[in-house]
Amino acid sequence: MAADEPLVLGIETSCDETGVGIVRGTTLLADAVASSVDEHGRFGGVVPEIASRAHLEAMVPTVQRALDTAGIKASDLDGIAVTAGPGLAGALLVGVSAAKAYAYALDKPLYGVNHLASHICVDQLEHGRLPEPTMALLVSGGHSSLLFTEDITSEVRSLGATIDDAAGEAFDKVARLLNLGFPGGPVIDRYAREGDPKAIAFPRGLSGAKDPAYDFSFSGLKTAVSRWVEAKRRAGEEVPIRDVAASFQEAVTDVLTRKAVRACKDEGVDHLMIGGGVAANSRLRAMAQERCERAGITLRVPRPKLCTDNGAMVAALGAEMVRRDRRPSAFDLSADSSLPVTETHVPASFPDAHDELHRLSE
Ligand code: KG4
Ligand code: ZN
């Protein structure tokens, strides 16, 4: 680990995870997460107000835990990074306010960064600096996108995205209709391991010759699973949960990996990274590995803990911002629940805004 690499603390509160990570360059020093997931379980999805309150309670202890784990003092930091969007407005606001307070009190530069770009950049903590260009398949509870980047601190281009449900959302909805609880991804993954992926031929959305090559659709698949399960129940037959889980998972991963490999080939990119919560899926990882190998593409998938929302990914992107000398955010940075993926961070609107605001408030 190079001692002159930037030391950055990252705060992530876009959904139900209060994440605080500390990295030096591409080295992970701490990844503290407090989750309110159990508080949402009985509602079958994340309740924004509950998430915001939980972030508020968890923030300071989680920052302290991260500093203790990393064995550093807050004053040693070179910058504070925070998810500015996209995500739940109230939840983002807690993280942005906390990051501003820490940056101001410690007199450190503040970097409001994009949640999706962070999901890509986190792979630097696992496999070293991202190759340029890199194709990224980002699959989470809120997003399913194919993204092309040549420099993760300044340029992300969207090639395609879901036109309805996100991949993780489809896992969560199918788990709910099978009464498997929330979040659905991990439990479907587990059941699917003992099921037959060929048992039921579920549809592959947007896979026809005339369909958009890089867009995804999962709502038809969800409806097909629902109809199939309902028919079994009406007939008084037992629902083969493991086979349904395996066949559904096969349909999702088949489409995701086929389109991602095709995008790499079409754009002449020989590195594919997969990020976001659904990248923790064991079948997706195995199928992507197999198809990438066949196509001569190098696959990069971070370990599952770095795929789901965490603070380390925000710190990783923040450290890259510092290393590349990107302009910090101003203290009037606001949370943007629909921050476009093309905006990797939210720099101050004029070059000296950060210093100027600091001077004025003194
Ligand atoms: O990235 P993430 O932690 O939060 C969002 O930004 O959405 O992703 C959460 C999503 C949930 O929908 C969850 O069901 C899904 O990721 N997920 C999985 C697995 N682990 C988490 N989906 C499939 N297989 C898994 N093993
Ligand atoms: Zn996420």
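Helices here are DSSP runs of H or I with at least four residues, strands are runs of E with at least two, and both are numbered from the N terminus. This is a predicted model, so local features need pLDDT of at least 70 and side-chain atom pairs pLDDT 80 or more, while totals for chains, interfaces and linings use all residues. Residues are numbered from 1 along each chain as written, chains are lettered from A and ligands numbered from 1 in written order, and side-chain values use heavy atoms, without hydrogens or water.

Back to the loop. Glutamate 132 and proline 133 are joined by a cis peptide bond, with omega about 5°. Proline 183 belongs to the loop between α6 and α7. Leucine 206 is not a glycine, yet has a positive phi of about 50°. Leucine 206 is found in the loop between α7 and α8 (219-234). I single these out because most residues other than glycine have a negative phi, and most peptide bonds are trans.

Next, the overall annotation. An unreviewed UniProt entry assigns "domain: Gcp-like" to residues 28-315. UniProt positions follow the numbering used here, feature names are shortened, and annotations may be inferred rather than shown by experiment. Across residues 28-315 the chain is 49% helix and 17% strand, with the end C-alpha atoms 9 Å apart.

Now the ligand. Which residues are closest to ligand 1? They are Gly141, Asp172, Gly185, Asp189 and Gly277, out of 20 residues that surround ligand 1, each with a heavy atom within 4 Å. By class, this shell has 5 nonpolar, 12 polar and 3 charged residues, with Gly counted as polar. α4 (115-121), α6 (167-177) and α7 (184-192) each give at least two residues to the shell, and α7 has the largest share, with 4 residues.

For polar contacts, the cut-off is a pair of N or O atoms within 3.5 Å. Aspartate 172, in helix α6, places a side-chain N or O atom 2.7 Å from an oxygen atom of ligand 1. Glycine 277 contributes a backbone N or O atom at 2.9 Å from a ligand 1 oxygen. For aspartate 309, a backbone N or O atom is 3.1 Å from an oxygen of ligand 1. The protein covers 88% of the 560 Å² of accessible area that ligand 1 has on its own, by the Shrake-Rupley method with a 1.4 Å probe.

Ligand 1 takes up the space of the largest pocket.

Two sets of annotated positions remain. In the unreviewed entry, UniProt lists His115, His119 and Asp309 under "binding site". They span 195 residues in sequence, but no two of their C-alpha atoms are more than 8.9 Å apart, so they gather at one spot. His115 and Asp309 are included in the lining of the largest pocket. Histidine 115 is part of helix α4.

The unreviewed entry also places "binding site" at Leu138, Val139, Ser140, Gly141, Gly142, Asp172, Gly185, Asp189 and Asn281. Of these, the lining of the largest pocket includes Ser140, Gly141, Gly142, Asp172, Gly185, Asp189 and Asn281.

Technical notes: A polar contact is a pair of N or O atoms within 3.5 Å; within protein, one must be able to donate a hydrogen and the other to accept it, and residues adjacent in sequence count only if both atoms are side-chain atoms. On a 1 Å grid over the protein atoms alone, a cavity is a set of points where a 1.4 Å probe fits but cannot get out, and a pocket is an open set with protein on both sides within 12 Å along at least five of seven lines; lining residues have an atom within 4 Å of a point. A molecule sits in a cavity or pocket if more than half of its atoms lie within 2 Å of its grid points.
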